[in-house]
Amino acid sequence: MTGLRERKKQQTYDALSEAAIALFLERGFDEVSVADIAAAADVSKPTLFKYFATKQDLVMHRIADHRHEAARLVQASPESPIDTLAAHFRNGLKDREPTTGLNDHPQVLAYYNLVFGTAALATRMREFMDDDERALAAVLGGDLQAELLAAQVLSTQRILGYRNWRALSGGQSATKRYPAALREAESAFQRIRPLG
C-alpha cells in the first residue's frame, strides 16, 4: 500500500503536469515558459524542476503509467508475446484506451494534437517509445532476435495508434472507426512472426 508521502508526491506530479498541459493547450507549447507554469501551479521554478527536468516531461507524465507496459504484460503472461500484446491492443480498442489512438474525447484528441503537432514533444514521445522497445527486448531475451521482435511489435502498435488518431482528428468518431481499427490490428499482428 502506498504511504501518505508517496501519495502526496504523486498528487504534486499530477497537479504540475495538468497545470502545464492546460497552459500548453491554451497558448501552445513554445509560447509557455517554465515561469508561467510555476506561477499557474503556485510553486517556485526550483520546486517545478525538482519534479520535472524539462517542459516535455510535464507532458509525458500523462502517459507515464504506460511506460514499459509491453514488457510488463509479456513478463506476466504465459501466452506468446505477440498473442499477449495483440490481445491487449484489441482490448484497448474496445475500451477506447487513448494509447490505441481510438479515443475521441476532446481532451484526449487535444493532448495528442499537442504532442504530434509540437516537434519537441514528438521527439520526446519517440524517446519514450524507444525506451519501451529496449525494455521489451530485454524481457524477450535481449539478443538480436528479441530486439527485432520488440521493434516489430511496438512499431505495429505505434502505426495502428497513429492511423486511428489521424482518422479521429479528421472528424471520424471512435465508434465509426472501431471496425476498421480492429480489422487493421488483427491483420497487422498476424503479419508479425518471430524470426529464427
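I began with Asp-131, which counts as buried because its relative accessibility is 17%, and buried here means under 20%. I note at the outset that the model is a predicted one. The side chain of Asp-131 meets that of Arg-134 in a salt bridge, at 3.8 Å from N to O. I found both residues in helix H8, three residues apart, or about one turn of the helix. Arg-134, for its part, counts as exposed, with 53% relative accessibility.

I then looked up Arg-124, whose side chain forms a salt bridge with that of Asp-57 at 3.0 Å, N to O. Since Arg-124 lies in helix H8 (residues 119–139) and Asp-57 in helix H4, the pair ties together parts that are 67 residues apart in sequence. I recorded Arg-124 as partly exposed, at 24% relative accessibility, and I found that a network of salt bridges links Asp-57, Arg-124 and Glu-127.

My next entry concerns helix H2, residues 34–41, where I listed Val-34, Ile-37 and Ala-38 as buried. These residues cover an arc of only 100° around the axis, which puts them on the same side of H2. The buried residues of H2 pack against helix H1 (4–27), helix H3 (45–51) and helix H4 (55–60). After H2 comes Asp-42, for which I noted a positive phi, near 60°.

Last, I checked Asp-36, which forms a salt bridge with Arg-27, their closest N and O atoms being 3.4 Å apart. Asp-36 counts as partly exposed at 25% relative accessibility, and Arg-27 is partly exposed with a relative accessible area of 39%. My count of salt bridges comes to nine.

Notes. Residues are numbered from 1 along each chain as its sequence is written. This is a predicted model: local features need pLDDT of at least 70, side-chain atom pairs count only at pLDDT 80 or more; totals for chains, interfaces and linings use all residues. Side-chain values use heavy atoms; hydrogens and water are left out. Buried means under 20% relative accessible area, exposed over 50%, partly exposed in between (1.4 Å probe, protein chains only). Helices (H or I, at least four residues) and strands (E, at least two) are DSSP runs, numbered from the N terminus. The arc is that of the directions from the helix axis to the C-beta atoms. Contact means heavy atoms within 4.5 Å. A salt bridge is a side-chain nitrogen of Lys or Arg within 4 Å of a carboxyl oxygen of Asp or Glu.
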